[in-house]
Amino acid sequence: MKLRTKIPFLLVPLIVLSLLVLGWFAYMQLREASEQRMFAEMSASLSHLRAHIETEVETARGNIKLLSNQVLIKKYILTEDEEERYTLLQPVLLRLFSSYQEAFPEYYEIRIFLPDGYEDARQTRPYIDNLTDEEGGSAFFKALQASGDDILTTIYLNPDNKRMSLFIGNPLILVDRAVDPVGIAPKLRGYVGLTVDLSELETQIRDEIISDSGYLFATDAAGNVIFESSKRPVDDSIPTAFAESVLESEAGEPMLATFNGESAFLSATRLHDDLNLFAVLPESELRMVSYKLALVVAAITLVTILVTTLFMVMAMEYLVIRPIHRLRRIAKEIGSGSWSAEVGGVTASDEIGDLAMAFREMAINLQQSDEQVRILAYHDSLTGLPNRTMFQEYLDQSILHAKRNQQSLAVMFLDLDNFKQVNDSLGHYAGDALLQKVAQRVTKVLRGGDYLARGSSQNSGEKILARLGGDEFIILLPDIPDSLAAGVVAQRLVEALAKPVIVSGEACYVSASIGITLYPDDGSNTNELIKNADIAMYHAKEKGKNNYQFFENLMNVAARERMKLETKLRSALERGHLELHYQPQIDSLTHKVVGLEALLRWRDPEDGLILPNDFIPVAETSGLILPIGEWVLHEACRQARAWQNAGYPLPLMSVNVSNVQFARQDVASIVEAALGSSGLDPRCLEIEITESTMMSDPEIAAQVLDDVKGLGVGIALDDFGTGYSSLGYLRRFPIDTLKIDRGFISEIDEKQADAEIVGAIVAMAHTLHLRVVVEGVETQSQLDIVTERQCDVIQGFLFSRPLPADEIVRLLAEPSLRIA
């Protein structure tokens, strides 16, 4: 039997069987797709209305907060004189409510309740009769009372208009400064209530049709139908157990059950704690769709079988024999790397044609894979920008080009300021989005009159922006006339990145610190230019961020010295070269030692004693301040307890806490551990913080200080008068001691204004029952003035410099200190 006979004899049954299987598979896929489309339509209807209600609730919650903070409302609720409240204030208040209702027509009722539930003020739009102004016994008001300080949101039947509505209530917890004593806690004065119209939700549920016969309805928590479709009313209330089973079914998989007199698929979602939304799709509609699909697929399959059989013999020579020879040749070409090989003349729609198409796709995919590998190797996956590898190759070429043509080029190292804060507060996804938008903004700036290089372009005249990683970017400006041109571009970048970036609806404020190096002045190769640009960038950060700096040789020297100092400091911590000196704090009247301040010193084997001003900044920027600060706390507590055990009177040990520790460590846990390991009484420990530490994040600072205070440890505010110096902050934070900055003391005997400032601070502190410590007292005249101003504690060289532990012991043993 010839091949031309064998092939039809063998292939016809296979073709028929294959097409039948393919038809069945297509039918199943189309049926499943139809079901999924209908289910997706159900889910979309539920999601749309849920989003509508969530938006309505969130908007109302935000508006009621704004409304509750209105000065007029606070004044109204605090005014006890009924004539003044009702005659003078209430008309103005109702006009305020009316303006809100003009902006938000759905807020058809705004009310002020007294704590007992009496409706003291009410504005409706349009007008609705008030059936009762005593709501104290109503369910929603009891729920409002039970919500405490929180905003209440609930769905209820408004008795005044017999409509289901959304009620938002917010307690008014205020202090009446005209009547209440100072320091008294705020009290509940009443409530603000918004009643939101749900007619839009009702209309959507009534008119919504899912596919051809599906519908929606809503119930309350008890299963009572509240809103239903006008096309298909629901007969009875929904049993609670049945409703819960629908609500708890897997997302995207409606539950099949007998409902409303027929078999149907049901999905549900909670619009609110007391409002459930259900979507119903009759199973009969799915059966009808499946039947129609079966007819269409069967007809297509039958026609395909007939046509294929009819033309198979006629096309065999062209679609089997010859194409096989061609495909063998093409396979060899593709195997040798010729991905552009063409499958000419092979256009059949049978398996040979499929094989030919597979060869085409294989060649295309191999080519795309090769291109993708190159993209991944040379581009940043997040921003699509060139990466470090591509940038370095491009910079190498640009340096060679500049050297040949005696041209200059600039490298700009750009680092985002405050990026970590955005990343920590909004999350890594928001951080990635921020980096993408920054890349777009920088790209736009660089294209302002020029253009940005992408891909593997070798045009040496193009600018190129690359991302090195994290929040670091690097820019190449080839063929610049002078340094001024680089400065102009850098200034444009600084100004562009100082504007807020909107990420996930939040305005993120970052800025850029940019370091600039020039070829050939600042480096002759890629590594030198990038390294020096990095150094210049850090110099820009030290200059206050949000600026650019050109590289100077002194920066390199300073960077090396800084790195050397950091390395030595790390070694000093490991080898025990750090030590504490202690400066006594003296009672201003008795001159007794009432405390010691622990001060960190570094005794280097080569350089001797190194003072804190020389190494603390390095410790803070490198993060070494974290283990160092922890060691200081433990050592100061241990030494204080050791002196107490030896019989030396030591009422108080003061220890400074860095703002870096405050931001990155659990200070309360570290203090608790130090007290626990040393056995020191918490009342004998005081931690010192600066005003800038507290105000970097007041909310977190207040919580941390409360935690420390809860241990029984004292808290001192150091360098008072140099920062915010607000009476409000002193009341807000649990401060025990104020330490007046030495800047007010150094010329206090020469400048009367300084003496008066010190006197005012002392008077204010004593009014708030705070202890006052004066630092930097060095002369008898300074001592006399601060004593006359009734300062409590003196600290300064006049009595003693900071001394090592073995030398401070003799001062602890003396009943009172003489002037040194």
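Where is the place of glycine 576? Glycine 576 sits in the loop between helix 14 (553-575) and strand 19. Helices here are DSSP runs of H or I with at least four residues, strands are runs of E with at least two, and both are numbered from the N terminus. Glycine 576 counts as exposed because its relative accessibility is 57%. On that scale, buried means under 20% relative accessible area, exposed means over 50%, and partly exposed is in between, with a 1.4 Å probe and protein chains only.

Before going on, the basis. This is a predicted model, in which local features need pLDDT of at least 70 and side-chain atom pairs count only at pLDDT 80 or more, while totals for chains, interfaces and linings use all residues. Residues are numbered from 1 along each chain as its sequence is written, and side-chain values use heavy atoms, with hydrogens and water left out.

A salt bridge is a side-chain nitrogen of Lys or Arg within 4 Å of a carboxyl oxygen of Asp or Glu. By this rule the model has 32 salt bridges.

Arginine 85 is buried, because its relative accessible area is 8%. Aspartate 120 also counts as buried, at 5% relative accessibility.

Next, arginine 287 and glutamate 283, whose closest N and O atoms are 3.3 Å apart in a salt bridge. Both residues lie in helix 7, four residues apart, or about one turn of the helix.

Then lysine 739 and glutamate 688, which meet at 2.8 Å, N to O. Here too distant parts of the chain are linked: lysine 739 belongs to strand 25 (residues 737-740) and glutamate 688 to strand 23, 51 residues apart. Are these two partners buried or exposed? Lysine 739 is buried, with a relative accessible area of 0%, and glutamate 688 is buried at 1%.

As for the network, salt bridges with shared partners join Glu109, Arg111, Glu119, Arg122, Glu135 and Asp160.

Now the second largest pocket. On a 1 Å grid over the protein atoms alone, a pocket is an open set of points with protein on both sides within 12 Å along at least five of seven lines, and lining residues have an atom within 4 Å of a point. The second largest pocket holds about 970 Å³ of space; grid points are joined across faces, edges and corners, and a volume is the space filled by probe spheres set on the points. Its lining has 36 residues, and nearest the centre are Glu597, Leu599, Pro612, Asn613 and Asn656. Among the elements that give two or more residues to this lining are strand 20 (593-604), helix 15 (612-622), strand 22 (653-656) and strand 23 (685-690). By class, the lining divides into 16 nonpolar, 11 polar and nine charged residues. In that scheme Ala, Val, Leu, Ile, Met, Phe, Trp, Tyr, Cys and Pro are nonpolar, Asp, Glu, Lys and Arg are charged, and the others, Gly among them, are polar.

Some backbone points. Arginine 125 and proline 126 are joined by a cis peptide bond, with omega about 0 degrees. Proline 126 is in the loop between strand 2 (119-124) and helix 4 (139-146). Another cis peptide bond joins tyrosine 519 and proline 520, with omega about 10 degrees. Proline 520 lies in the loop between strand 17 (511-519) and helix 13 (526-542).

Which loop holds asparagine 260? The one between strand 8 (255-259) and strand 9 (262-272). Asparagine 260 is not a glycine, yet its phi is positive, about 55 degrees. At 12% relative accessibility, asparagine 260 counts as buried. Asparagine 546 has a positive phi near 55 degrees and lies in the loop between helix 13 and strand 18 (548-550). Asparagine 546 counts as partly exposed, at 35% relative accessibility.

Conventions: On a 1 Å grid over the protein atoms alone, a cavity is a set of points where a 1.4 Å probe fits but cannot get out, and a pocket is an open set with protein on both sides within 12 Å along at least five of seven lines; lining residues have an atom within 4 Å of a point.
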